[in-house]
Amino acid sequence: MFLPIPARCWSVALLFAGCVTLPALGGEKLDLSRLPPAATRPVDFAKDIQPIMEARCLKCHGPEKQKGGWRVDLKEAAMTGGDDHAPNIIPGKSAESPLIHFVGGLDPDMKMPAKGDPLSAEQVGLLRAWIDQGAIWPESLSKAKRDPLDWWSLKPVVRPTIRDEGNPIDTFVRAKLAEKNLSPSPEADARTLCRRLYFDIIGLPPTPEELDAFAADTTPQAYEKLVEKLLASPRYGEHWARHWLDVVHYGDTHGYDKDKPRPNAWPYRDYVIRAFNDDKPYGRFIEEQIAGDVLFPKTRDGIEALGFIAAGPWDLIGHSEVPETKTDGKIARHLDRDDMVANTIGTFCSATVHCAQCHNHKFDPITQEDYYSLQAVFAALDRTDRKYYRDDALNARFQELESRRRNVERALSELEKPLKAKVGEPFAALTRKIDGASKAAAEKLGNASPDFGYHSAIAKAQDNVKWVQVDLGKHVDIDHVTLLPCYDDFNAIGAGFGFPVRFKVETCDDPEFKTGVGLLWRRHDQTFMTDFKNPGLQSFTTGGAKDDGIAGRYVRVTATKLAPRKNDFIFALAELQVFDPAGINVAQGKAVSALDSIEAPPRWRKSNLTDGIAPVAQSPDEKEKLVQEREALLLRFADEATKATRAALLDEQTKVMAELKKLPPPSKVYAGGIQDGTGNFRGTGPDGGKPRPIFVLARGQVTQPGKEAMAGALSMLKFEPARFSVESTAPEGERRVALAHWISDERNPLTWRSIVNRVWQYHFGYGLVGTPNDFGRNGALPSHPELLDWLAAEFRDSGGSLKQLHRLIVTSATYRQASTPNAAAEKIDADNALLWHQNRRKLEAEAVRDSVLAVSGKLDLTMGGPGWQDFVVEHPEHSPHYEYGLADPDDARTQRRAIYRFIVRSQTQPWMTSLDCADPSIRVDRRNESLSALQALALLNNGFMVMQAKHFAERVQGESPDLSGQVERAYRLALGHAPNGADRERSVAFAKANGLPNFCRVLLNLNEFIFVD
């Protein structure tokens, strides 16, 4: 598994990989006289050559490893140079054969074997003679090449026959146990089973009353009734969504170096919770996440589910600051699609397809062409905020209007394209003027150059005072002052970015403005703007000042009410112009100082304020005149039929836009979609969402494209053609629909085995296949292959109900076993792979946190919405620092379930991380389950734990009048049972000596609290 390596590094990389022949290294001439001479006797492959290869070459070039793509155990492979290289053996020409150059030591950097002693002169001579004599290699001596498709996970899922009555899971498990003369463990007691079910299904502990009620219920269906109650709880979806989000590496920030927040990522998280609670059929669950906008366009779920495609990290700099035309920009987008491909195939099919981006997969029958065919599926997509409505009826109306809008725009574009070509540069020149830019490269930004202006530091409060001033160099009589606004697309603000809501303009000869201050703008501190988009790019000019005798060396603009930005406030200006009575701008090029400033040249710096560069603007009348001029120019080249068609399209466009304006503001979800283009991040929006061409890249290098890849899937599965029959002119969503159908097809063996294995793992701590993300030859074999296939077939054929799968697993005797050890059984099956008992498991980090809140009485069960934040953000304007140590550990907003936590990629929550919380930057198929001193310290001393222990004590004090009763109540809440006599005495004594909060803190640190059983 490799990431693409910059071209300048590949020569070194390939040298170490042993896959570049010597003549390719700069073209230097080799000294062949240094080679040992060829043997003069006849050479036999079996007696003379094969032993050399097996003894000296097989370790690096055999069935286990194929360095440089070359192997010596197979004739066909050995006679070539491996992947994409010339032959290493040239029959009849040993002196020209790279194999002889390698083993002959002509270059010390390329010697073979790479480790150990070199081949002797006699051995090299035999190899040379064998090649010169024709390199005869009998087919009978080439080891049989294994069928790459002969692998358990690639074979069709066939339901095994079951004869025994009862839960089929137990039939398969007991058959395996019998093979080793093992017996299952007895059933766990009622309280243990109740606690196990609660944590497995809803991730929360049962209350003492719930435990007592279950233990006292002796009816035959008591256990099944509890299972149904928990599966029907909304808490079920919250708990199981956490497992899913681990696998798809969901996060609320982008990751990479800047790690900006994603304020609209959470609707996908809520979609997953809702899908699990609604028991959405798994096939539809797959299809919605890959192509919901096409298959189910009028539904909320069909849009929110696309958050799956965008769930992983995203390189803000590589996309927003580097154009797609640059090599680094191509690499950034290549890696972005790689994440989409790896997430899709890894999540749903448990296949490591991403290992084939630089070469054919080393272990599995996945070709480079397969990999790039999958990239072609996502070729039009980027990560973006998609608009939609949470009400399905409103969303249907919105999608209908958006479809009409896109169709009209596409039709207009096609109709006007030849007209624009005929008009040529005059049309483009008028467009640039209308857009407010004087350079073609700056059309979208509305700025004539990248020197935007002055930008204050960001403030959290709007009434923070900011000022900036210019030093005119001498005392000057002032006629008037003009302020030119900035333009920036940040947060879709555009024209007027940062222009203050209230401000004043003053002059003085004192740089500190303490004495002799003259007021240039008399409407001091008056509200200047009611609409943030005003003044747009229109300048603001103070009233005439010469009649008032206003003069001074320094001119200061003080913002007393800042402009809103994004949950914060700023002050920005493109230009500060000071005109003397002769009409000369005496501020041009003069020095600027400010209370504070973001110095991020060339865009933002103090000196930009007087550099004479500002966005170009026309008055509304001027702009309308230009629009009419461009319209007339365009229509001059249109015939009457074209004019009529265009008029009808424009009329339709006007109607659609009017209807769209009637709708309430839409919601947004961060998801895979068509990026319309902002700055250098152009996306495919300007091309109408036309997919980018995807090429098979030699060695994964974007600078070495090969043939174009067709959209498709994995050729190793034969139930459908590997390449999709989608027309090149079809909308991009058709590619995703084809992939969604391919994955969800009932004949796809990977899909159905993958999901049942994942669910099994979370109930037992270990999957039937120990590598949930890798069902290939580098992964583990199934411990119970027939059980895995029976579960896959049952799940698939019964409609893909996850709740029914849970029901089947947790009602089995295998699941209900006690977790007590057995020394005799451990000698036979130490890892419990055969499931002779239930595994004792530690609670995951989220369950620990939620359980602490549950027993303290502080758990807030409010569902959905933006995530709560247990950190303070520093430097949000550039590279945010998420400071957890500055947050209030007793903030009531953070007492919701951990599934709703705002997840940061670059700076993970320290306390949660110590408890083995998943790293959101990578796909986590199975969490670590460690025990460490750090965990003990975190559970004992973390501010959250200390505060919750205090609340826990307050709760039991309110529920019991005396200390002994409070101790018992605390025991029952935290551990599910009352203390025995000795524990009660010790606990009461400890609480008396150290206080009830500290005793409650002890309970929250016990293994009995942290472990499921």
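Is Tyr 815 buried or exposed? In this predicted model, Tyr 815 counts as buried because its relative accessibility is 0%. The residue lies in the loop between helix 25 (802–810) and helix 26 (823–828). Leaving aside residues up to four places away in sequence, Tyr 815 touches Arg 196, Leu 197, Asp 200, Tyr 223, His 763, Phe 764, Ile 809, Val 810 and Gln 838. With Asp 200, the contact is polar: the two side chains approach to 2.7 Å. The C-alpha atom of Tyr 815 is 9.4 Å from that of Leu 193, although 622 residues separate them along the chain.

Aromatic pairs number 32 in the structure. Phe 764 and Tyr 815 form an edge-to-face pair, with 6.0 Å between centres and 90° between planes. This pair links distant parts of the chain. Phe 764 belongs to helix 23 (residues 749–764), and Tyr 815, in the loop between helix 25 and helix 26, is 51 residues away. Both partners are buried. Elsewhere, one aromatic cluster is formed by Trp 244, Tyr 250, Tyr 268, Tyr 271, Phe 276, Tyr 282, Phe 285, Phe 308, Phe 348, Trp 752 and Phe 795.

Charged groups also sit over rings. The charged end of Arg 284 lies over the ring of Phe 296, 3.7 Å from its centre. That of Arg 556 sits over the ring of Trp 467, at 3.7 Å from the ring centre.

Asp 339 is placed in helix 16 (residues 327–349). Its relative accessible area is 15%, so Asp 339 is buried. Its side chain makes a polar contact of 2.7 Å with the side chain of His 249. Beyond four places in sequence, Asp 339 touches His 249, Gly 312, Pro 313 and Arg 383.

Definitions and conventions. Residues numbered from 1 in each chain as written. Predicted model: local features only at pLDDT ≥ 70, side-chain atom pairs only at ≥ 80, totals over all residues. Heavy atoms only, no water. Helix = DSSP H or I, 4+ residues; strand = E, 2+ residues; numbered from the N terminus. Buried < 20%, exposed > 50% of the residue type's maximum accessible area, 1.4 Å probe, protein only. Contact = heavy atoms within 4.5 Å. Polar contact = N/O pair within 3.5 Å; in protein donor to acceptor, adjacent residues only side chain to side chain. Phe/Tyr/Trp six-rings, centres within 6.5 Å; stacked < 30°, edge-to-face > 60°. Lys NZ or Arg CZ within 6 Å of the ring centre and 35° of its normal.
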